Amino acid sequence: MDGQSVVQYARVGKETLAPKHVPRTSVAISFGSPASDSGITRLDLNDIFIKNQQATFLMRVAGDSMRDAGLDDGDIVLVDRAVAPAHGHVVIAVVESEFICRHLAREGNTLSLCATDPAVADIHPREGQEFQLWGVVTTVMKSLPV
């Protein structure tokens, strides 16, 4: 080059902008210049995501019955056992010695565990059946393909 640097702008998709055009929008999240003191500090994920440290656990989702709630097979969820389960929460329950992730539905004194997949039957606890609301899902973490 002739001593001048050419700035290349790119947008997600097939086409790129010519070097002399400036994008109309800016990046919503950035870290500033690495050469300057940008004031960025380390983020502690415990401070951000965990309200009850002694009662919060990580679990990995298996299956697709809660896909429409944003929980996919292989996702990691934070489960807080100190949060009181309420109608509409996504919960982890123990049913017959198995962990189950479902929406909690409560009508009066009747509880149901409901999947977002209509092909999966709701779970209605029966008398004598092992059933425990174990915790409330507070956060979902997904891995993106790289």
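Student: Why is Ile-48 called partly exposed?

Tutor: In this predicted model, Ile-48 has a relative accessible area of 46%. Partly exposed covers values between the buried limit of under 20% and the exposed limit of over 50%, so Ile-48, at 46%, is partly exposed.

Student: Where does Ile-48 lie, and which residues form a nonpolar patch with Ile-48 on the surface?

Tutor: Helix H1, residues 45-49, contains Ile-48. The patch is formed by Leu-43, Leu-45, Ile-48 and Phe-49, which together have about 410 Å² of accessible area.

Student: Why is Thr-139 called buried?

Tutor: Buried means under 20% relative accessible area. The value for Thr-139 is 13%, so Thr-139 is buried. Thr-139 is found in strand S6. Leaving out residues up to four places away in sequence, Thr-139 touches Ile-76, Val-77, Leu-78 and also Phe-49, a member of the surface patch.

Student: Which residues of the largest nonpolar core touch the most other members?

Tutor: The core has 13 residues, and those touching the most other members are Leu-71, Val-77, Val-79, Ile-92, Cys-101 and Val-137. Strands S2 (76-80), S3 (90-95) and S6 (131-141) are the elements that give two or more residues to this core. S3 gives the most, with three residues.

Student: What is Val-79 in contact with, leaving aside its neighbours within four places in sequence?

Tutor: The contacts of Val-79 are Ala-55, Thr-56, Phe-57, Met-59, Ile-92, Trp-134, Gly-135, Val-136 and Val-137. Val-136 also belongs to a second, separate core of eight residues, which includes Ala-93, Leu-113 and Ile-123.

Student: How do you know that Asp-72 and Arg-67 meet in a salt bridge?

Tutor: The criterion is a side-chain nitrogen of Lys or Arg within 4 Å of a carboxyl oxygen of Asp or Glu. The N to O distance between Arg-67 and Asp-72 is 2.9 Å, so the pair qualifies under that criterion. Side chains of opposite charge can pair when their charged atoms come close. Asp-72 is partly exposed at 22% relative accessibility, and Arg-67 is partly exposed at 46%.

Student: Which parts of the chain does the salt bridge between Lys-142 and Asp-72 link?

Tutor: The closest N and O atoms of Lys-142 and Asp-72 are 2.8 Å apart. Lys-142 is in the segment after S6 and Asp-72 in the loop between strand S1 (56-60) and S2, 70 residues apart. Lys-142 is partly exposed, with 42% relative accessibility.

Student: Is Asp-75, which forms a salt bridge with Lys-142, buried or exposed?

Tutor: Asp-75 has a relative accessible area of 6%; this is under 20%, and therefore Asp-75 is buried. In its salt bridge with Lys-142, the closest N and O atoms are 2.6 Å apart. This pair also links distant parts of the chain, 67 residues apart.

Student: What makes these salt bridges one network?

Tutor: They share partners, and in this way Asp-64, Arg-67, Asp-72, Asp-75 and Lys-142 are joined. The structure holds four salt bridges.

How values were computed
Residues numbered from 1 in each chain as written. Predicted model: local features only at pLDDT ≥ 70, side-chain atom pairs only at ≥ 80, totals over all residues. Heavy atoms only, no water. Patch = residues over 30% accessible without salt bridge, like charges linked within 9 Å, V, L, I, M, F, W, Y side chains within 5 Å. Areas by Shrake-Rupley, 256 points an atom, 1.4 Å probe, with all protein chains shown as cover. Helix = DSSP H or I, 4+ residues; strand = E, 2+ residues; numbered from the N terminus. Buried < 20%, exposed > 50% of the residue type's maximum accessible area, 1.4 Å probe, protein only. Core = buried A, V, L, I, M, F, W, Y, C linked by side-chain atoms within 4.5 Å. Contact = heavy atoms within 4.5 Å.
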